[in-house]
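Here is a short briefing on one protein model.

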Amino acid sequence: MFSKLLVWFLLAIYAASKVDGGDFIYNGFRGANLSLDGSAEITTDGLLLLANSIQQKKGHAFHPIPLNFKPSQGKTQSFSTNFVFAIVPKYQEVRSYGTAFVISPSKEFPGSEVGEYMSIFNPKTIGNSSNHIAAIEFDTYRNPEFGDIDDNHVGIDINGLNSNSSAPAAYFSNMSGGFKNLSLISGELMHVWVEYNGLQNLLNVTLFPIHLPKPDLPLLSMRVDLSPIVLEDMYIGFASSTKTVPSSTYILGWSFKMNGQAQVLDPRHLPKLPRIGPKKKSKLLTIGLPVIVIFFTLTAISAIGLIVRSKIKFADVLEDWEREYGPHRFSYKSLFMATKGFRNKELLGVGGFGRVYRGILSASKMEVAVKRVSHESRQGMREFISEIVSLGRLRHRNLVRLLGYCRRKRELLLVYDFMPNGSLDKFLFNHPNSMLSWSRRFRIIKGIASGLLYLHEEWEQVVLHRDIKASNVLLDSEMNGRLGDFGLARLYDHGTDPQTTHMVGTLGYLAPEMTKTGKATTSTDVYAFGAFMLEVACGRRPIDPRSSADEGILVEWVWECLRRGRILAAADPKLGHDYEVEEMELVLKLGLLCSHPLSAARPSMRQVMQFLDRDAPLPELLSDGLGAAILAVGGYKGFDDLRLSYPSYLEQGFANTSSVQESVLTGGR
Ligand SMILES: *[C@@H]1O[C@H](CO)[C@@H](O)[C@H](O)[C@H]1NC(C)=O
Ligand SMILES: *[C@@H]1O[C@H](CO)[C@@H](O)[C@H](O)[C@H]1NC(C)=O
């Protein structure tokens, strides 16, 4: 029982020593169990640093337990090892000492000296056969006393440093079939194989650059029986030393196998060398870098410049009180982009309030019309903006939708739905070839009437348009008339001193009482609408300076036609006879009624709609006067109002009707 246990125990020890000592591989030494002393250390990168730049230092790194090189008959058995190292000099081409792979009965070298003694020997021990040390040296210093061939050689050393076999560092090139020199202190990674064949008593040392496969021929091949030198239990490891000249020796990987081929180190799995010493200055760095830096600096400066410029360029004015109008606000930049920088090519027209540009909003791809209105004063702007925004809530198919606004210094931008067919004005007067048929015109008149009715009576508050005219009527894609620019005239009211209120509107559309009071009312809107109706029906502008004196003022001329009993003579001659007589008569007479010099005589927009829809009969206009109309429409205002609103314009223009007016005034209720 006991003997069985002992056998198991011995077998376990044997297995352990075999696994532990006979075969290992380190791809980098992070966490490796090595016996280190002196300057030897394992860096955080997993490099084994044998000797660092500090002067006068020994460095040893050994496998911690001895290996059994002679398991039978006192004969050293075969072994194989390969490792990757680099000697990185602190100063280029300044030589230090070297490093060595060592097989030794001890892993400590208490009496060893640095420098040429490789931290293995000292002057007393060197050459003593009782040392039992075999080493492969990578010597970077020529010591004539040891018979060194040069300052860059590989040697096989037995018990001392007088190499038994040595050669300048080189590798056999399988390609060229010859040896190529290597520099041990180049800092380049060197791959080394040390292989001992115990049957042939052959020790081979092969050195080659890491990026190449193992050469077919070794650098050193020495017939030697290591049996007298190598004892049963031997330590293996590395020794290195520096003296006065600093350099660093790194081992990156190491594998060993007793009685077989060691595992081949894979350069891809090895840690990286740290960058040491001055970097080679490339052209890229010396010339390229400054150029790149200058380029980027200039780019950055110009980018900042552009940003600042665009900030200024696109600056819009946003005050706190405006924040509540958020959704209605457009940024100047977005409008600038939409109109391609307010290019002349995008200019749709120039109106009384400013230029109108076509634009496409980049976010929604929506086509819009952007009106740039200049304003000098900030006074009343807040009130106006809130009005604009509230107008933005107006929805009627005969109104051009106001989408929002943008405010800048001295400028207000209003964003409207885009009307592809432009203004009615152009169709009436500027397009001789694309004549509007009567049915179209009638439909447009009705549409505008319903839009104006919506403004006057159907929305939550009374909105005055203040500037109804053909050029403010826009045509959508289906040629429906839409009233634009509503409320805009208010800007001029707000923008100026209330003491010097000036009249807003367009000559020919201005109700006579406006010249006196300057005050817009629904009735003044109706007056302008009347002028508009006549304009559309007659194909003439309300005031045409080119016409003869009697025909110069449209309203007067239509009255004249009515008085002569030939009202249809006022119809647009371009229409020929292509119109509904009844509708034409209705429009002309209603136009006269709306543009009545007496505000009290004018119908409301609701009444206008009823007349146009023929839900109510149009009161018969007396050919010579106004009274009947007033009586028929009737019941607006007291007598005094009529007297007050009695227009001076009437006296001049309708001198021959003054008696009628008188009778109306006296005969009125
Ligand atoms: C060699 O080393 C041994 C043991 O340290 C010592 O006894 C011996 O005297 C040395 N031989 C010479 C020639 O120094
Ligand atoms: C290689 O090194 C040896 C010895 O250092 C030298 O004689 C030889 O010229 C070198 N060959 C080349 C190609 O540098």
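Helices (H or I, at least four residues) and strands (E, at least two) are DSSP runs, numbered from the N terminus. This is a predicted model, in which local features need pLDDT of at least 70, side-chain atom pairs count only at pLDDT 80 or more, and totals for chains, interfaces and linings use all residues. Residues are numbered from 1 along each chain as its sequence is written, and side-chain values use heavy atoms, with hydrogens and water left out.

**Overall make-up**
- The protein has 16 helices and 25 strands.
- Of its 669 residues, 52% are buried (under 20% relative accessible area; exposed is over 50%, partly exposed in between; 1.4 Å probe, protein chains only).
- Contacts are heavy atoms within 4.5 Å. Among those with a separation of 6 or more, 66% join residues 24 or more positions apart.

**Nonpolar cores**
- A nonpolar core is a set of buried Ala, Val, Leu, Ile, Met, Phe, Trp, Tyr and Cys residues joined through side-chain atoms within 4.5 Å.
- The largest one has 77 residues, and L424, F529, F532, V558, L588 and L590 have the most contacts inside it.
- This core lies between domain 3 (314-418) and domain 4 (420-665), because both give residues to it. The domain bounds come from an automatic or database domain assignment.
- A second, separate core has 54 residues, including L34, A134, I158 and L184.
- Beyond its neighbours within four places in sequence, F529 touches I445, I448, A449, L452, I468, C594, M605 and V608.

**Helix pair α11 and α12**
- Helix α11 (residues 581-594) packs against helix α12 (residues 605-612) at about 165°, with axes 11 Å apart. Axes are lines fitted to C-alpha atoms, for helices over the stretch in contact, and angles run from 0 to 180 degrees between N-to-C directions.
- The two are therefore roughly antiparallel (over 145 degrees).
- From α11, L586, L590, L593 and C594 meet V608, F611 and L612 of α12.

**Loop residues**
- K365 sits in the loop between β20 (354-360) and β21 (367-374). K365 is not a glycine, yet has a positive phi of about 60°. K365 is exposed, at 61% relative accessibility.
- S119 lies in the loop between β8 (99-104) and β9 (134-139). S119 also has a positive phi of about 60° without being a glycine. S119 is buried, with a relative accessible area of 0%.
- R343 is in the loop between α3 (332-338) and β19 (347-350). R343 is partly exposed, at 35% relative accessible area. The C-alpha atoms of R343 and G359 are 9.8 Å apart, across 16 residues of chain.

Methods. Chains are lettered from A and ligands numbered from 1 in the order in which they are written. Angles under 35 degrees count as roughly parallel, over 145 as roughly antiparallel, 65 to 115 as roughly perpendicular and the rest as oblique.
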